[in-house]
Amino acid sequence: MERQEIETFLVLCEELHFGRTAKRLRVSPARVTQLVQKIERRIGAALFERNTRGVTLTDLGRQFQRDLAPAHEAVEQVVQRTIQAAKGIDGELRLGFLGTANGRHLVELARSFESRQPGSTVRLVLEAEVGDHLRPLRQDRVDILAVPLPVREDGMIVGPVVLRETLLMAAPEGHPIVRRGYATMEDLADHPVVVAAGDPEAYWIDYFVPSQTPSGRPIERAFLVESLQAGVALVMAGKGIGPILAQFAQYNQHPGIAYTPIENGPPVASALIWRADRETELVRAFARLAEDHGPVILDWPPAQ
């Protein structure tokens, strides 16, 4: 059956009137009659009953409608998605990230994406702030961010995971935790803790530095810092300790500070995040590429 025949049949099923069907399809009533008769000849039975009271579906016609309508809708959806993909795959995609490892991985994904989609360009725009890392998305300065999870903000879509890593404890060299060779979340109750400032993402801070340890001991957030470098400086000065992601530690190794894995720390993963109201086919295509590529695993200590 041709597409026009299918559409004519389905519209007539809704309208049950040849004139209204013709008007809706912008054809003549004679054309509607011609198409319906053509379908009925192909099937070998009447699909509609026509009399002075109007038009009704036969039992066979109702069954045909029930079977045909979902299939037709599915085909139309595929066509529309393909049209949108053809329209939306070109253009510029603005990327942001939090963490050097995330940034380097995005560079690799961008190169691969541009080679597959010659009509598109991908540009790394900025590195987000530790305290409020979703701000660039809220301000529409980037299209996609690669940031550590969790992300629970309304209107944000959490895409594929692009990086998995270890949560470490930053402590001064020679600290008892460093000499022991491992850290636990219980250690946070025994020392002043350095954490990132930022109220908008309080749940994100709580994920890494909760208000109490697994055993229920209170944790003191002694120092709130606006930047990673400020936190590293406080730890190096012996003012406190604090959890840190492996990718941050990897690029902030200095004399006077050491990083130790937290044995019972929460799992750490970074994912692509974008705004639901700014989702485009270009964004979805990049996310599909990242999902196909799979996450990078960042070991600690890093490979030499």
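I started with the aromatic residues of this predicted model, and found that Phe9, Phe48 and Phe64 form one aromatic cluster. I then counted aromatic pairs across the structure and got six.

The pair I looked up next was Tyr207 with Phe208: edge-to-face, 5.0 Å centre to centre, with 90° between the planes. I checked accessibility for both partners. Tyr207 is partly exposed at 26% relative accessible area, whereas Phe208 is buried at 8%.

On to Tyr259 and Trp300. Their ring centres are 6.1 Å apart and their planes stand at 90°, so I noted this pair as edge-to-face too. Tyr259 belongs to strand E11 (residues 257-261) and Trp300 to the segment after strand E13 (296-297), so the pair ties together parts 41 residues apart in sequence. Tyr259 has a relative accessible area of 11%, so I logged Tyr259 as buried.

Tyr259 turned up again in the largest nonpolar core, which has 71 residues; Tyr259, Leu272, Ile273 and Phe286 have the most contacts inside it. Helix H11 (residues 281-293) gives the largest share of this core, seven residues. Another core, of 16 residues, lies apart from it and includes Ile6, Val32, Leu57 and Phe64.

I also had a look at Ala183, in the loop between helix H7 (176-180) and strand E8 (193-196). Is Ala183 buried or exposed? Its relative accessibility is 0%, so Ala183 counts as buried. Leaving out residues up to four places away in sequence, Ala183 touches Met169, Ile177, Thr260, Pro261, Ile262 and Glu263.

Last entry: the charged end of Arg180 sits over the ring of Tyr182, 4.7 Å from its centre.

Methods
Residues are numbered from 1 along each chain as its sequence is written. This is a predicted model: local features need pLDDT of at least 70, side-chain atom pairs count only at pLDDT 80 or more; totals for chains, interfaces and linings use all residues. Side-chain values use heavy atoms; hydrogens and water are left out. Helices (H or I, at least four residues) and strands (E, at least two) are DSSP runs, numbered from the N terminus. Buried means under 20% relative accessible area, exposed over 50%, partly exposed in between (1.4 Å probe, protein chains only). Contact means heavy atoms within 4.5 Å. A nonpolar core is a set of buried Ala, Val, Leu, Ile, Met, Phe, Trp, Tyr and Cys residues joined through side-chain atoms within 4.5 Å. Rings of Phe, Tyr and Trp (its six-membered ring) pair if their centres lie within 6.5 Å; planes under 30 degrees apart count as stacked, over 60 as edge-to-face and the rest as tilted. A charge sits over a ring if NZ of Lys or CZ of Arg is within 6 Å of the ring centre and within 35 degrees of the ring normal.
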